[in-house]
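Me: I would like to go through this model with you by question and answer, starting with its packing and ending with its loops. Please give the cut-offs behind each term as it comes up.

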Amino acid sequence: MKTTASPKTPLPVPSAESLEERSRRARTEPMSVLALGDGLYEIESASDHTYLVDLEGGRCTCPDHVFRGVRCKHIRRVAIEITEGRTPPPGKIAVACHDCDDAVFVDEDAPGPYYCDEHAIWPGDRVVDRETGDRLTVVDVSELRADAVRLEATGRTVAEYETNANYDADVPVVGAIYPHATVARNGVVPESLKVYVFPRTRLEKTTTRRKRSAAA
């Protein structure tokens with residue numbers, strides 16, 4: 001799993017002038033923080049040195065902590081970034097959204113792909129088939145993988161279907177319908193509401209619902 005680090009930058013300093021020196025340096029010096037999992041964080045300091053912080057154990061590999069036994073600026077920086085939502089807390093890591101590369105905080109063992117709130121899909125959402133450009137409406141987002149769901153008509157898995165060859169096999173399956181149902185004199189023709197299944201990475205969320213809400 002490829003994790004992402006917070007941008008290497010200084011942070012705003014509170015107006016209070018009573019900040020202890022290490023707390024002030026924790027904010028004003030440009031550092032980046034990378035969550036490694038298991039409560040461990042890698043810090044790239046302003047001097048381009050790299051240190052390892054065990055936040056839950058209150059330990060850091062920098063000389064200030066090792067030789068002086070103090071709560072160094074690196075431990076403080078990790079705590080600040082977690083509080084301000086720049087870095088994930090213990091138990092979570094930062095990964096890139098599949099569709100926009102924005103950082104998303106997820107559980108350490110969460111399977112991909114990962115999506116930010118803007119691009120996550122739920123039943124009722126409109127999506128576009130990246131393969132054909134067709135628009136569909138989501139009816140189900142499964143936890144089952146594309147290489148585990150078998151199609152009755154062919155006996156092959158969703159991942160093995162020809163048009164899915166360019167998409168991930170180890171991602172969840174999404175069920176969707178084409179929105180143009182056929183309506184006969186006695187009602188909707190069932191076959192026109194057939195649910196089709198796709199690997200999650202084949203579908204892209206549209207902005208139709210968000211724009212409609214904004215205009216309402």
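Me: Which residues of the largest nonpolar core touch the most other members?

Reply: This is a predicted model, in which local features need pLDDT of at least 70 and side-chain atom pairs count only at pLDDT 80 or more, while totals for chains, interfaces and linings use all residues. Residues are numbered from 1 along each chain as its sequence is written, and side-chain values use heavy atoms, with hydrogens and water left out. A nonpolar core is a set of buried Ala, Val, Leu, Ile, Met, Phe, Trp, Tyr and Cys residues joined through side-chain atoms within 4.5 Å, where buried means under 20% relative accessible area, exposed over 50% and partly exposed in between, with a 1.4 Å probe and protein chains only. Of the 22 residues in the largest such core, those that touch the most other members are Tyr41, Ile43, Val53, Cys60 and Val106.

Me: Which helices and strands each supply at least two residues of this core?

Reply: Helices (H or I, at least four residues) and strands (E, at least two) are DSSP runs, numbered from the N terminus. By that assignment, the elements that each supply at least two residues of the core are β1 (32-37), β2 (40-44), β3 (50-54), α3 (73-83), β5 (92-96) and β6 (103-107).

Me: In what order do the four strands of the open sheet lie, and which are its edge strands?

Reply: Two strands pair if DSSP finds at least two bridges between them, and β2 and β3, which run antiparallel, are joined by five bridges, with Ile43 standing opposite Tyr51 in β3. The pairing in the sheet is antiparallel and the order is β1-β2-β3-β4. The strands that pair on one side only, and hence form the edges, are β1 and β4 (59-60).

Me: Why does Thr201 count as buried?

Reply: Thr201 lies in the loop between β12 (196-199) and β13 (203-205). Leaving aside neighbours within four places in sequence, Thr201 is in contact with His98, Pro113, Tyr115, Arg130, Tyr167, Asp168 and Val171. Thr201 counts as buried because its relative accessible area is 4%.

Me: Which side chain makes a polar contact with the side chain of Thr201?

Reply: A polar contact is a pair of N or O atoms within 3.5 Å; within protein, one must be able to donate a hydrogen and the other to accept it, and residues adjacent in sequence count only if both atoms are side-chain atoms. At 3.4 Å, the partner of the Thr201 side chain is the side chain of Asp168.

Me: Is Gly91 buried or partly exposed?

Reply: Gly91 lies in the loop between α3 and β5, and, not counting residues up to four places away in sequence, Gly91 touches Val106, Asp107 and Glu108. Gly91 and Asp107 are 16 residues apart in sequence, yet their C-alpha atoms are 6.0 Å apart in space. With a relative accessibility of 34%, Gly91 is partly exposed.

Definitions and conventions. Contact means heavy atoms within 4.5 Å.
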